[in-house]
Amino acid sequence: MTTSPPTAALLEARGLAFARNDEPVFGPLDLALGRGETLLVEGDNGSGKTTLLRVLAGLLPAGAGEIRFDGAPLRREALAGRALFLGHQLGLKLDLSCIENLRHFVALYGQRDGLTPAAAIDQVGLAGYGDEPVRRLSAGQKKRAALARLLLAPAELWLLDEPFANLDRHGIALVNRLLAAHAARGGAALVTSHGAVSFVDPSARHLCLELRA
Ligand SMILES: Nc1ncnc2c1ncn2[C@@H]1O[C@H](COP(=O)(O)OP(=O)(O)OP(=O)(O)O)[C@@H](O)[C@H]1O
């Protein structure tokens, strides 16, 4: 499957494939994602969406093909501070509060001007929970605490694995607003979903992964 962007690609893959024990998981596929674009990666459970994102994030080696980030062959170091991966594992420390988690995050990955961790917590609908240990939050509240990173991080590339999972309709609207604002300031996003029902941007391109028999 091939998708082509209207602008120079921030992230590009050609002939990208991944296999485990000689069993293909996805690909070969081509994709290109320009600044200001969102690409929705769809597919059934087990079709390889998470694996694709992990390969694009440099967390798993590609079996075949080439990935380029900002015009150069992908190196994990080049993604530092420029790409944000939000996976099924939210990466929150359960014994720390929401605000402490976000402070830890911005110390490592940087912070956009004009927003504090406390303000980000309010904006994701967790006002009053900032000092609460994360282990006391519901699944959807934990997801919102993780999503607050999207408000704070200066990253140009978002790799979001099932960002709508566990969210109520207000949370789903929040993710769509975050994606729209990111695209409007020139950011690029790859978003996975096993059902596209939550995703509202009608202009976004779709990449569909097939479940291997
Ligand atoms: N760590 C692993 N070791 C071995 N096989 C794995 C591992 N992780 C995933 N797989 C296999 O790779 C295939 C793709 O998994 P992946 O998690 O990428 O799918 P997905 O499309 O993200 O699924 P879902 O919609 O359920 O999140 C599946 O067949 C899965 O069983």
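Pro28 lies in strand β2 of a predicted model, in which local features need pLDDT of at least 70, side-chain atom pairs count only at pLDDT 80 or more, and totals for chains, interfaces and linings use all residues. Residues are numbered from 1 along each chain as its sequence is written. Helices (H or I, at least four residues) and strands (E, at least two) are DSSP runs, numbered from the N terminus.

**Backbone features**
- A cis peptide bond, with omega of about 5 degrees, joins Gly27 and Pro28.
- Asn21 is located in the loop between β1 and β2. Although Asn21 is not a glycine, its phi is positive, at about 50 degrees.

**Antiparallel sheet**
- Four strands make an open sheet in the order β2-β1-β4-β5, and their pairing is antiparallel; two strands pair if DSSP finds at least two bridges between them.
- At the edges are β2 (23-34) and β5 (72-73), each of which pairs on one side only.
- Strand β1 (residues 9-20) runs antiparallel to β2 and is joined to it by eight bridges. Within this pairing, Ala19 has Pro24 of β2 as its bridge partner.
- Helix α1 packs on the sheet, where it touches β1, β2 and β4 (64-69), and its direction makes about 125 degrees with that of β1. Contact requires C-beta atoms, placed from the backbone, within 7 Å. Axes are lines fitted to C-alpha atoms, for helices over the stretch in contact, and angles run from 0 to 180 degrees between N-to-C directions.

**Parallel sheet**
- An open sheet of five strands has the order β6-β7-β8-β3-β9, with parallel pairing.
- β6 (83-86) and β9 (205-209) are the edge strands; each has a single partner strand, so one side of each is left without a neighbour in the sheet.
- On average, neighbouring strands of this sheet are turned by 15 degrees against each other, direction ignored.
- Strand β3 (residues 38-43) runs parallel to β9, and five bridges join the two. Leu40 has His206 in β9 as its bridge partner.
- α1 also lies across β3, β6, β7 (157-160), β8 (188-193) and β9, and runs at about 155 degrees to β8.

**Helix contacts**
- Helix α3 (residues 98-109) and helix α5 (residues 139-152) have axes that come within 10 Å and cross at roughly 40 degrees. α3 is therefore oblique to α5; angles under 35 degrees count as roughly parallel, over 145 as roughly antiparallel, 65 to 115 as roughly perpendicular and the rest as oblique.
- Cys98, Asn101, Leu102, Phe105 and Val106 of α3 meet Ala145, Ala148, Arg149 and Leu152 of α5. The contact of α3 with α5 comprises seven nonpolar, one polar and one charged residues. Ala, Val, Leu, Ile, Met, Phe, Trp, Tyr, Cys and Pro count as nonpolar, Asp, Glu, Lys and Arg as charged, and the others, Gly among them, as polar.
- The axes of α5 and helix α6 (residues 169-184) come within 11 Å and cross at roughly 10 degrees, and α5 is therefore roughly parallel to α6.
- In this contact, α5 contributes Gly140, Lys143, Arg144, Leu147 and Leu150, and α6 contributes Gly171, Leu174, Val175 and Leu178. By class, these are five nonpolar, two polar and two charged residues.

Note on methods
Contact = placed C-beta atoms within 7 Å.
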